[in-house]
Each structure stands twice: as C-alpha cells, then as structure tokens.
Amino acid sequence: MSTLIKIETSKGTMTAELYEDKAPVTVENFLKYVDGKHYDGTIFHRVIKNFMIQGGGFTPDMNQKSTLAPIRNEAKNGLRNDRGTLAMARTQVVDSATCQFFINHRDNDFLNYTSSTVQGYGYCVFGKVTDGLDVLDAIAEVRTGNVGYYGDVPIEPVVIISIKRV
C-alpha cells in the first residue's frame, strides 16, 4: 500500500503515489515536511521545459526556508527518473537532500543511479504523479528568467498552495 498525496498549485492539482517500499527514508522525510505544512506557500522556483520542475524550498519572494537534517540518498532503489516521477533534489554531495524535490517533465535517464560514485549516484525517485500530468505540462510551459543568481525562475510565481495526504 502506498501513500497518496495531493499537490495543489496555482496551476492546478496533481495527485501522486509515494513508494515507501522502495524509498522508505525519503518518503518518511518528505511526509515530515508535508505533515508540518512546510510546502504550503512555497513555489516551483526552477522550471526547465523538457527536463523538470523543482520546488519546495523557497517562498514567492525567493527566501529559502529552513530544513531538517539531510537524508541518505536512496537512488539505488531500481526506480527511474521517468516522466512524472518525483525525486529529491540535492547538491553535489550524494547524501544532501532535505526538502526540495522535483518532478521529471520527461524521461531523464542521466539522473538515474549507475554506480556508487559521486558522478554515478543519481537522484532518488520516491513517487509518481498518477493524476494531473497536464498540470505538470502547464507548469513546464511558464516563462522563466533570472532572480538574483537563480536562473530558470518563473516570471509569475507558481505557488504550491498545499501538499496533503489523500
């Protein structure tokens, strides 16, 4: 049995299932942020059509929210960064994911786990959009620009109104 979540955005609503069996640490971490309402009022701050939409860490005025401690990267779980999958964003440090996540707009094989090296570790997939891919597509189409030193930021903020368990 997987957990279902509803991601309500200013562009529409997506439903996703989370894979606790394949990414237990990641799903537990993500749900801590969901249950704590961390994501409510954040934005998709990085949008690249035919790649992904990333959010969960910034407010509409581009202030970064505080986070819990980083988690272990579970990218070696057999799940692939395919269209509509949810994955954890991270820095160049393999085990650095906190609250930011992204939704793959297309299949992104180069983000998959290939080896236990810094270059090959990949990004942990922990869920998949089951309803609302049209919303993903609508968000991927927005105009973007630069805000300070951040690139690919939507000109008009795409707000995550809430993420809740269904």
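Strands, as the term is used here, are DSSP runs of type E with at least two residues, numbered from the N terminus. In this predicted model, strand S5 covers residues 85–88 and includes Thr85.

Eight of them form a closed barrel with antiparallel pairing, in the order S1-S2-S7-S5-S6-S4-S3-S10. From one strand to the next, the twist averages 35°. Helix H1, residues 24–35, touches strands S1, S2, S5, S6, S7 and S10, and its direction makes about 115° with that of S10. Helix H2, residues 133–140, touches S1, S2, S3, S4, S6 and S7; the direction of H2 makes about 120° with that of S2.

Ile43 has Val159 of S10 as its bridge partner.

The description now returns to Thr85 in strand S5. Thr85 has a relative accessibility of 5% and therefore counts as buried, the cut-off being under 20%. Its side chain takes part in two kinds of polar approach. A polar atom of the Thr85 side chain lies 2.6 Å from the backbone oxygen of Asp82, and a polar contact of 2.9 Å joins the side chain of Thr85 to that of Asn104. When neighbours within four places in sequence are left aside, the residues in contact with Thr85 are Arg80, Phe102, Ile103, Asn104, Val125, Gly127 and Lys128.

Technical notes:
Residues numbered from 1 in each chain as written. Predicted model: local features only at pLDDT ≥ 70, side-chain atom pairs only at ≥ 80, totals over all residues. Heavy atoms only, no water. Helix = DSSP H or I, 4+ residues; strand = E, 2+ residues; numbered from the N terminus. Buried < 20%, exposed > 50% of the residue type's maximum accessible area, 1.4 Å probe, protein only. Polar contact = N/O pair within 3.5 Å; in protein donor to acceptor, adjacent residues only side chain to side chain. Contact = heavy atoms within 4.5 Å. Pairing = 2+ DSSP bridges. Axes fitted to C-alpha atoms, helices over the stretch in contact; angles between N-to-C directions.
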